[in-house]
Amino acid sequence: MVEENKGSAGIENMDEENQSQRELQKQNVEDMLKKVNMLVIIKNSDEEKMILKGVSGAVSPGELLAILGPSGCGKTTLLTALGGRLSNSKGTVTQGHITYNGKQFSAEVKRRTGFVSQNNVFYPHLTVAETLVFTALLRLPNSLKREEKVLHAEAVINQLGLARCRNSIIGGRLVRGLSGGERKRISIGQELLINPSLLFLDEPTSGLDSTMAKKILVSLSKLAEGGRTILMTIHQPASSLFYMFNKILLLSSDGSSLYLGKGEDVINYFAGIGYVPSVAMNPADFLLDLANGVASGDPKENREAVKQTLISAYKSNISNKLKQEFGDRGDHSLLTTDSKNYKKTSKWSTTWWQHFSVLLRRDLKERRHDTFDSLKIGQILFLSIITGLIWWQSSTDNIEDQVENKGSAGIENMDEENQSQRELQKQNVEDMLKKVNMLVTIKFEDVTHKIKTKGGRGSLGRYCCYLLNKNSDEEKMILKGVSGAVSPGELLAILGPSGCGKTTLLTALGGRLSNGKDTVTQGHITYNGKQFSAEVKRRTGFVAQNNVFYPHLTVAETLVFTALLRLPNSLKREEKVLHAEAVINQLGLARCRNSIIGGRLVRGLSGGERKRISIGQELLINPSLLFLDEPTSGLDSTMAKKILVSLSKLAEGGRTILMTIHQPASSLFYMFNKILLLSSDGSSLYLGKGEDVINYFAGIGYVPSVAMNPADFLLDLANGVASGDPKENREAVKQTLISAYKSNISNKLKQEFEDRGDHSLTTDSKNYRKTSKWSTTWWQHFSVLLRRDLKERRHDTFDSLKIGQILFLSIITGLIWWQSSTDNIEDQVGLLFFYSRQAGFFPLFQALHTFPLERMMLEKERSSGMYRLSSYIMAKTAGDFVMELVLPTVFVIITYWMGGLKARVINFLSTLAATLYTALVAQSLGLAVGALVLNQRKAGTIATTLMLTFLLTGGFFVQDVPAFISWLEYLSFTHYSYKLLLMSQYKPNDTYICASNSNSNATCLVGDFPRTKFVGLNNKLLSVVMMAAMFVCYKLITYLALRRVGVTHK
């Protein structure tokens, strides 16, 4: 049995160790981090691909290279190729020469390489400490003792500021856990554990506030000083961080190199070729503007000409010199300066047995939440009892039963329109975007949010924890009495460190946060003095932090389908399509309009491009109230500025806009009308105009020590950092700022609320009229959803693997039952039961995953009031008729004639109809189960239980079912399906040859055959009606179960 240990994955409590011994071990850990095991140099020459165009460079030990460029320029692709993780596949070709100390990528290099990807992947039920300790035990060498490996994990936890959440589970898509910034730090920590010689990081500061980003980069700089080679992509580093990079590689928006050299020389280089910042600004913002071809800021500027000039300058000043350097030095001159360290070692850091034992413990810790789940235990108990009751006290006299027990979305082409008409319609679209339908003022008072954390995770863990300590639940305050008001025409930015509750507050204000079992939200939030309603919901746009799309749809298809669903009937179809086109052009998505978006398993667009599509979906409806969670995350400064300029224009038109943002550039900071600053513990520190924020903090004694980005200064204060002194009392700083807020802002704000009241907040009450709940009709919802569903599912339903599976099973089945005859009725009855089983299992288990996988999409669209739930389910049902019945039809066509069943059209059609009918009912059951639990594993457990129960009571395995359990057959669609299939081939008076001891040619009635007699060959209408009732019942269950998805219950 694996011993539970809350803090460090079953590792002995280290608090019992002698304090001096711990300090000595910590010192050893720090000394080891200062040493480098092997010096590595990377050379990358002339790598050509569709996204990257001849990128070259070299990075030496001790250097920290930052790869900068606009979103979609190929930064991640280049980093992945250099990290040895990009290979040629069917749709990609990578060319070029990449060496490591003059050699190709090898297992030795791989062992000494750390790679932090952009996506954070963890086991959701493990704690931070458990995750890092297991990583240390797996990756650190045997030269370190177990205790030393644990100390490495502890050191990383403290270094990355994770001590506060070391015993919290990480969480995932369906499990509440840590914030995005905290997960990013864990990803970096996992790679820092191995003290890598070569380290690749893809957007390591994404989702982190400036204080934590600086800590990360300081740590990376120290690692580089120790002789490590570090390469990273980064979007928009703060001014104070920019000069921490030894080298800068700048890529243009089309994947061409524009600069490679020292960070401190980059401004002088571009000044030498005629490009100088027009105003004092962050050097990174200036570089990203140039990468997009923006030199003067003039809208009429020829951006392509600017980029071509920069590319030509790079080739003449840098590229040719770099190639000459490669030619003169060759690969061998790049060899490590300490070649004796480049010796061949074992491929693995630890032994096979150590890998096995650590992986086993980790697997048991993660799977205990699923394996010992009450649902699975109930499944086994239920099936055991049902099986025992069905075969109740069977004897050898009924040997047949005992033997059987052993075995058991199309868009029209708009190019045909007249050009002048299109231009006129585009102008109408632009005019419409300038108007606001309803002015909305949002007010929030004393908003608090707290969560309860359990001492034990999972039902078994919670029960054990309850027995040991009944007061094991802990409450954690995320938001502490946050208040404010935002009026039409204002753009509010919510700033704060990662984990301070920005997203929680935005979700609450957007009407999407409800009280649950372990969460409590309190406070008073009004919209024009009223509670959140369907009317406000229709006029509200919400851009979530996670981008959720159908991966096989293109950009144009996604936005057009959204427009058709959300825009009102007052617009014609062509005008809705033009809205989508206008948004595509506005957000710079024209280049990828016909590219599929992609997803976790489907290659598609970059993260920045997906973020723009998310914003575009909300901009389509021209919202009166707009919420955006990190809208500029993953975007370069030029695109971020475009987004904020668009938002500012929307605000100027009378819209109320609220957004969270981590680290806006200096040039973007003053575009916000209001700033709400939250401390790291969820308390308010400032609410007011952006232009007054520096003066406010100066008035209470806090002034930036150097010229810096105001956002960086505010985030430092939110973390309690005022002077930069490591010994500074940060808690005291935060308490001083909180007290100042209460005395200077909070009390004044409360008084203002009391004086004005709710009704004075309605700036345009005549527009607050009640309209229809839905923007379009039920039929329009249904037709658009059906087309979208067919477009997306065709890639899965008609997948070559599935087609091959059906063809293979069809041929194997036909060969096994090759030309069976009625004389061997037992075989034919078995074939018909296999039809029933085949038509039930495959559609059911495929449908199980539909709603668990689409849960986030459904939540996003339902919470936006995009369509009626009934139209969504009916579209899915109609899509099933089209998509899910094709392959079963192929199966029946092949096996029917090979299996020797009756060669009459009426019999064939009856068999086919019964099979397809079964598939539809089974698929409806799968959808219902998936909708009820919205968890793939749990849905699989329940479906397995139901299907085994239905098969056992279907009438094939057991004919002598005890009376007290026989009622189960009336709930089994398999029983009715089997009956319909039997009746499609046989009538009660049909005969077959039944050999006996006296007469080998004796005939018997099919109706008297034990299997058919038990099921019966009559009452076909009853079977049809019962299956229809089940179909409707399962659809009703699906509808009722999904009503809770995307709906906030106050």
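At what angle do helix H28 and helix H32 pack, and how far apart are their axes? That comes up in the last close-up but two; first, some ground rules. This is a predicted model, where local features need pLDDT of at least 70, side-chain atom pairs count only at pLDDT 80 or more, and totals for chains, interfaces and linings use all residues. Residues are numbered from 1 along each chain as its sequence is written, and side-chain values use heavy atoms, with hydrogens and water left out.**View 1. Six strands line up in an open sheet.** Helices (H or I, at least four residues) and strands (E, at least two) are DSSP runs, numbered from the N terminus. Reading across, the order is S14-S15-S16-S12-S17-S18, with mixed pairing (two strands pair if DSSP finds at least two bridges between them). Strand S14 (540–543) and strand S18 (684–689) sit at the edges with a single partner strand each, so one side of each has no neighbour in the sheet. From one strand to the next, the twist averages 10°. Look inside the sheet for S12 (residues 491–495) and S17 (residues 674–678), which run parallel and are joined by four bridges. Ala-493 has Ile-675 of S17 as its bridge partner.

**View 1. Here are helices H28 and H32, packed at an angle of about 20° with axes 8 Å apart.** Axes are lines fitted to C-alpha atoms, for helices over the stretch in contact, and angles run from 0 to 180 degrees between N-to-C directions. H28 covers residues 800–816 and H32 covers residues 886–898. Their angle makes H28 roughly parallel to H32 (angles under 35 degrees count as such). On the H28 side, the residues making the contact include Ile-803, Leu-807 and Ile-811, and among those from H32 are Val-890, Phe-891 and Ile-894. Contact means heavy atoms within 4.5 Å.

**View 2. Helix H17 (residues 502–509) is largely enclosed by the rest of the structure.** Seven of its eight residues are buried, meaning under 20% relative accessible area with a 1.4 Å probe, protein chains only. The buried ones include Lys-502, Leu-505 and Ala-508. H17 lies across S12, S14, S15, S16 and S17, running at about 155° to S16. After H17 comes Gly-511, with a positive phi near 75°.

Technical notes. Buried means under 20% relative accessible area, exposed over 50%, partly exposed in between (1.4 Å probe, protein chains only). Angles under 35 degrees count as roughly parallel, over 145 as roughly antiparallel, 65 to 115 as roughly perpendicular and the rest as oblique.
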